[in-house]
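Please examine the model shown below.

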Amino acid sequence: MTKIVQIITSLALACSSLLAIAEEIPLRAQHPDRHVVVKGDTLWDISAKFLKNPWQWPQIWQLNREHIKNPHWIYPGDVIVLDTSSGKPVLKLVRESVTLEPGVVVTPIKSDAIPAIQPHAILPFLSKPLLIAPEALKTAPRIVAAQEEREILSPGTHIYVQGLPDTPQPVWAIYREGEPVKNPENGEILGNEAHYLGEAKLLRQGQPATLDITQAKEEIAIKDKLIAVEDERSQTYIPHAPEALINGQIARISNGINETGSGRVVVLNRGENDGVERGHVLAILRKGANVADPEADSEHPVQLQLPDEPVGLVMVFKTFPKLSYALVMQASQPVHEEDIVRTP
């Protein structure tokens, strides 16, 4: 067996105007020259080892938009090398192969590609929609009766549901309508929180249809609504800055608390209609206070608007027409409802 040879594969792909590397890309002061990818790494973590601004990951890789949407190309065991020979930082992928005999090269079998972020924090929001359009729950299929007229509906109980469509959807999530999510700018209702109660499996179609409750997180009752389960865990994205300027606010913090921090989910009052997409990274800012100029004449007070102060970063992972879910990636202070979110 000959020595292990390294085949350096540059990922320098054709850049779009957004990702042109003319933009300054500051490196971390103590950045490594290379990094060996291990299981548990994320694209965000690796980016943060090299860059001051992790959302500039696509620029340093020189990725086009199609590769931002489909980033299945980094695996445990790969080596990422920082190349500054051109005067501008570029990351390259080093993949090891073993030569068994002249002309025969065996590339190791890869495990799953590394994710953009650790998925455990967002899985409940991907597989169980906790935000619903204002009209959706009103027209959703509803429980009209239960086996043997039971009042406490637990796993194993047959339920009868009116309004279930004829499409063969096998699994349904059970919800109860919660509080509306309002736009902090004008009070518009952007969506409704859907209180997840459990799941049911379709047994027989019809009007009403028969389902069997398979999970019950909380007590389920007659009149509760059903929504088809859509598992979006296969969705992929790379953290990147929006192409256009996006200005918005945090409309709600998950679990109904007033402030939060890194690793928690927030709801933004901007969505697909505003150009927000999965992977978008936005800066969080605390609106500057309006204060009186201490040197102004008391009879002629002057108000000064202090600048907005950076608080952290969020990354969007699920979008709706008028709002979106985002994960707080960094936070130097507690994050509050109505904090500003903006293109970094």
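In which loop does H31 lie? H31 is found in the loop between β1 (5-9) and β2 (34-36), where strands (E, at least two residues) and helices (H or I, at least four) are DSSP runs, numbered from the N terminus. The model is a predicted one, in which local features need pLDDT of at least 70, side-chain atom pairs count only at pLDDT 80 or more, and totals for chains, interfaces and linings use all residues. Residues are numbered from 1 along each chain as its sequence is written, and side-chain values use heavy atoms, with hydrogens and water left out.

H31 counts as partly exposed because its relative accessibility is 26%; the class lies between buried, under 20% relative accessible area, and exposed, over 50% (1.4 Å probe, protein chains only). When residues up to four places away in sequence are not counted, H31 touches K49, F50 and L82, a contact being defined by heavy atoms within 4.5 Å. A48 is 17 residues from H31 in sequence, and the C-alpha to C-alpha distance between the two is 9.0 Å.

The next element to consider is strand β10. Two strands pair if DSSP finds at least two bridges between them. Strand β9 (residues 171-182) runs antiparallel to β10 and is joined to it by 10 bridges; here K182 stands opposite I189 of β10. These two strands form a hairpin with six residues between them, and G187 in the turn has a positive phi of about 80°.

Strand β11 (residues 209-216) also runs antiparallel to β10, with six bridges joining the two. L202 has L211 in β11 as its bridge partner. Four residues separate the strands in the hairpin of β10 and β11, where G206 takes a positive phi near 150°.

A further pairing of β10 (residues 189-204) is with strand β6 (residues 131-132), in the antiparallel sense over two bridges. In this pairing, N192 in β10 is the bridge partner of I132.

What do the totals for the chain show? The protein chain has five helices and 22 strands. Of its 344 residues, 42% count as buried. Among contacts between residues at least 6 apart in sequence, 69% join residues at least 24 apart. The protein chain exposes about 17900 Å², of which carbon and sulfur atoms supply 51%; accessible areas come from the Shrake-Rupley method with a 1.4 Å probe, and for residues only the protein chains shown count as cover.
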